[in-house]
Amino acid sequence: MRLPASAILTAWTLSASLALVACRGSEAAPAAAAGPPPAVTVVAVTPETVAVTTEWVATLDGYVNAQIRPQVSGYLIRRGYSEGLPVKKGQVLFEIDARASQATLAQAEAQLASAQAELGRRERDVARDTPLAKERAIPQSQLDNDVQGQLAAKASVKAAQASIESARLSVGFASVRSLVDGVAAMATAQIGDLVTPQSLLTTVSQIDPIKAYFSLSEQEYLRIAKQLNQKEPSQELWQEGTQLTLILSDGHEYPQTGRFLAADRQIDPSTGTIRISAVFPNPDHTLRPGQYGRVRADTQQLKDALLVPQRAVTELQGSAQLRVLGPNHTVALRTVTLGSRVGNRWVVTHGVEPNEQVLIDSPQVREGTVVNPTLQAPLAEEAPKGK
């Protein structure tokens, strides 16, 4: 049964109307489903006076490092210290077989006795021939020869005495002693080794106090050049009363504070840095040469600085961005310039104004979004204290 054309047209019009209503309903559904503005946390950027802290990688070394080498050759026959333990200045560390030196000493003593005997004979000749020459009983040349012989004999005695002193020193040098108070390293020579003055036996390091070496950039050096180049360089290179703090490799802060000691004579052309030495008390010998750590100091005082939490900063293609709360609680994306880091916050040198509010922990919020902000207390107390 075929339907009239008018009936078909009516049915098609009704279907199109229903479809249009359905489409409008689907478009309205998201709008009806849209919730309240997202909740965010903001912090007000208020001007502060803060100390800028700088850290440098440091290497520890002994205040004095004395290389112990023998001054005579011979075989080692005894070691007189415990490796790795403190030793005193003058303590015997090694004994070298001294029999050869003792034989040399005995020979020098015999030579001295012979020279003294010859000197005595020459003196008697001069005493005998002097009056004879005055009476012209003997030629004057004979007396002159006697005098010259006496002078030569005196010189021989002095040479023999010097040989004895040298031989005695050699005998004494057979006992190799520590030159400083400190901690002795493990021995590099064993009993029975033939050693010479070029042989390194051990090293003794004075480690209380102990030195820390670190490097400043050329720009950092220029900021303190005036203090460094005084006739008597100040021990406080940055802020008055500021001490140096040592952070150990495990992250703990060393309990003793240090002070500046010296600066190197030149800027290293390969690195553009200058070497600085500091000194730290080390009464418990906790610190040892060769350790690594970080030296920290308050290097600058900033007034009216604007700081934001590190977690509020987003880095994109080498630039730093902040999400700032704008009019009507609308989020604005702001490119900023960062300065020094203070604890867990950044100093913003350009891009924000005092008392503006910055979003934290909201990197997913897009620019132009209307948000529901909650103001957080100032974050100054969150800055770490170097622990």
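The following questions and answers concern a predicted model.

Residues are numbered from 1 along each chain as its sequence is written, and side-chain values use heavy atoms, leaving out hydrogens and water. In this predicted model, local features need pLDDT of at least 70 and side-chain atom pairs count only at pLDDT 80 or more, while totals for chains, interfaces and linings use all residues.

Reader: With which residues is F214 in contact, leaving aside its neighbours within four places in sequence?

Author: F214 is among the residues with the most contacts inside the largest core. Contact means heavy atoms within 4.5 Å. With those neighbours left aside, the partners of F214 are W56, V57, A58, I274, R275, I276, A278 and V295.

Reader: Is K303 buried or exposed?

Author: K303 has its place in strand β13. Leaving aside neighbours within four places in sequence, K303 is in contact with E48 and T49. Because its relative accessible area is 68%, K303 is exposed.

Reader: Which residue in β8 is the bridge partner of G74?

Author: Four strands form an open sheet in the order β6-β5-β3-β8, with antiparallel pairing; two strands pair if DSSP finds at least two bridges between them. Strand β3 (residues 74-79) is joined to β8 by two bridges. The partner of G74 in β8 is V195.

Reader: Which element gives the most to the lining of the second largest pocket?

Author: On a 1 Å grid over the protein atoms alone, a pocket is an open set of points where a 1.4 Å probe fits, with protein on both sides within 12 Å along at least five of seven lines, and lining residues have an atom within 4 Å of a point. Among the residues lining the second largest pocket are Q67, F173 and R177. At least two lining residues come from each of β2, α3 (140-173) and β6. The most, three residues, come from β6.

Definitions and conventions:
Core = buried A, V, L, I, M, F, W, Y, C linked by side-chain atoms within 4.5 Å. Buried < 20%, exposed > 50% of the residue type's maximum accessible area, 1.4 Å probe, protein only.
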